[in-house]
Amino acid sequence: MEQGNRGFSAAGLRRLREVLERHVGSGRIPGLVALFSQGGATHAEAFGTIRRDNGALRRRHTIFRPVAVTALAAGLLAGTTAPAVATAGAAAADSSAAVSRAIAGRDRPELQKAVQAFIDAGFLGVQVRVSDERGEWAGSAGQRKLAASAKPPTNGHFRVGSVTKTFVATVVLQLVAEGEIGLDAPVAGHLPEFGLDRRITVRMLLQHTSGLFNYTGDLDPDGTWVPGLPATGKEWLDNRFHSYRPQELVRFALSKPAKFAPGTDWSYSNTNYTLARLLIEKVTGRSFDAELKRRILRPLDLKGTVVPGNRAQLPRPYAHGYFRYQDAGQWKVADVSRQNPSLLAGAGDMISTTKDLHTFFSALNGGKLLPAELLVEMRTPHPKSDPLYGRYGLGMFVQDLGPACGTVLNHNGSPPAGYAALMYSSPDGGKTLTASLTAGDAALDLTTYPKLLDGLVKAAFCGGQAAS
């Protein structure tokens, strides 16, 4: 085994490579890009490809070196990897930082341990909320911002990224329930201005089977990375306050060849959900923001959930998220708490809190927002969908945790940098896990994230069972 691969089996490396190739640029890992220095030249590297200094792209077989990669992978803080020379002090926040005590005084040591593990691995901050038969527990660990001792607020606002898709899918399915649109009806009739393939149906948008190019970047069938709009690296950082219109995002995607014929395969694409948002607006005659408030936010009293449009500022209180990058051979860290989320309109632009995500996902899975037959449709996974978080239904993943834990429903997400969100529920909505993670200035080993996530999910849903 090569020196850079210590701790990884050959099979483990192959699996990691397969997972990242499928998810880079998806909105869960929208653009896994690493900057590194080699032979005196700086290169930018997207997983599966390499960009040479002259701009040419070719397929690349990556060997992962944990100390040199700082991307948040597997649906983490979208997008950017930063190379690093990790040190023991930088790779972990103060492991003695106390996790906040439970609501109503209930200590949950298994949850405290799982939360603290993220901080020990190098995350700046974590806030978590678990609701189950033992009541509600909320805790946080780490730092609210760099150079500050305060922990993240347990009622803090954060960017939820692709969790937005579950809200969008719910509104679309409510319109299906009302007979305003057909689940298997063509989308082109409602949005004729785009000249969509008439084989693309509403279901295909919600399940990622349309074949449409992902406007934040996508992989060709041969594995070549095709760049999209700036969604990763310093290019995104320099462009992070740019305003996009949803129609602009869709037209850019449609300027690229389709990945496959509609309905014949599965590929996660933000384009599908920007179109779904536009479909809602066309059918209802109201903005998505107004329709979401009318149907979900006001009935559930979700006062911390926002469709921000072009507004870059997070509502207070909030924890800061950072982006670590290389510029002219120097490592720098930027506070990206302020960023224009219009790049991911309908696909990843919303802001929420752990409390609101709990209330929403519990109500959805408890049957309060959709009729039973459409909730079944939402939870029917496509067999070709990627199993990173389970198999994809309509706006949610269905994941089997094994006989001791059962099935969980989930959708995780992140904006282009700084934040990640987790949203999990039991099938009856009676048990939920919602969380926000923030990145700081530490070098992060991307290979540790799946185990950290597994440990937290099992602590919430499996009685504290250790991660396998």
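Q: How many helices and strands does the chain have?
A: The chain has 12 helices and 17 strands. Helices (H or I, at least four residues) and strands (E, at least two) are DSSP runs, numbered from the N terminus.

Q: What kind of model is it, and how are residues numbered?
A: It is a predicted model, where local features need pLDDT of at least 70 and side-chain atom pairs count only at pLDDT 80 or more, while totals for chains, interfaces and linings use all residues. Residues are numbered from 1 along each chain as its sequence is written, and side-chain values use heavy atoms, with hydrogens and water left out.

Q: What share of the chain is buried?
A: Of the 468 residues, 60% are buried. Buried means under 20% relative accessible area, exposed over 50%, and partly exposed in between (1.4 Å probe, protein chains only).

Q: And contacts along the sequence, what fraction join residues at least 24 apart?
A: 69% of the contacts between residues at least 6 apart in sequence do. Contact means heavy atoms within 4.5 Å.

Q: Which residues touch the most other members of the largest nonpolar core?
A: L206 and F360, in a core of 112 residues. A nonpolar core here is a set of buried Ala, Val, Leu, Ile, Met, Phe, Trp, Tyr and Cys residues joined through side-chain atoms within 4.5 Å.

Q: What is L206 in contact with?
A: Beyond its neighbours within four places in sequence, L206 contacts A169, V172, L173, L183, Y273, A276, Y392, G393, L394 and G395.

Q: Where is A169, and is it buried or exposed?
A: A169 sits in helix α4. It has 0% relative accessibility and so counts as buried. Leaving out residues up to four places away in sequence, A169 touches L206, Y273, M378, L394 and G395.

Q: How does α4 pack on α8?
A: Helix α4 (residues 164-177) and helix α8 (residues 270-284) have axes 10 Å apart, at an angle of about 40°. Axes are lines fitted to C-alpha atoms, for helices over the stretch in contact, and angles run from 0 to 180 degrees between N-to-C directions. The two helices are therefore oblique to each other; under 35 degrees counts as roughly parallel, over 145 as roughly antiparallel, 65 to 115 as roughly perpendicular and the rest as oblique.

Q: Which residues meet there?
A: From α4, K165, V168, A169, V171, V172 and L175; from α8, N270, Y273, A276, R277, I280, V283 and T284. By class, this contact has 9 nonpolar, 2 polar and 2 charged residues. Ala, Val, Leu, Ile, Met, Phe, Trp, Tyr, Cys and Pro count as nonpolar, Asp, Glu, Lys and Arg as charged, and the others, Gly among them, as polar.

Q: Now the backbone. Which peptide bond is cis?
A: The one from R316 to P317, with omega near -5°. P317 lies in the loop between α9 (288-297) and β10 (322-327).

Q: What is phi at A147 and at A328?
A: Phi of A147 is near 65°, and phi of A328 is near 50°. Most residues other than glycine have a negative phi.

Q: Where are they, and are they buried or exposed?
A: A147 is in the loop between β6 (135-142) and β7 (158-159), and is exposed, with a relative accessible area of 86%. A328 is in the loop between β10 and β11 (330-335), and counts as exposed at 76% relative accessibility.
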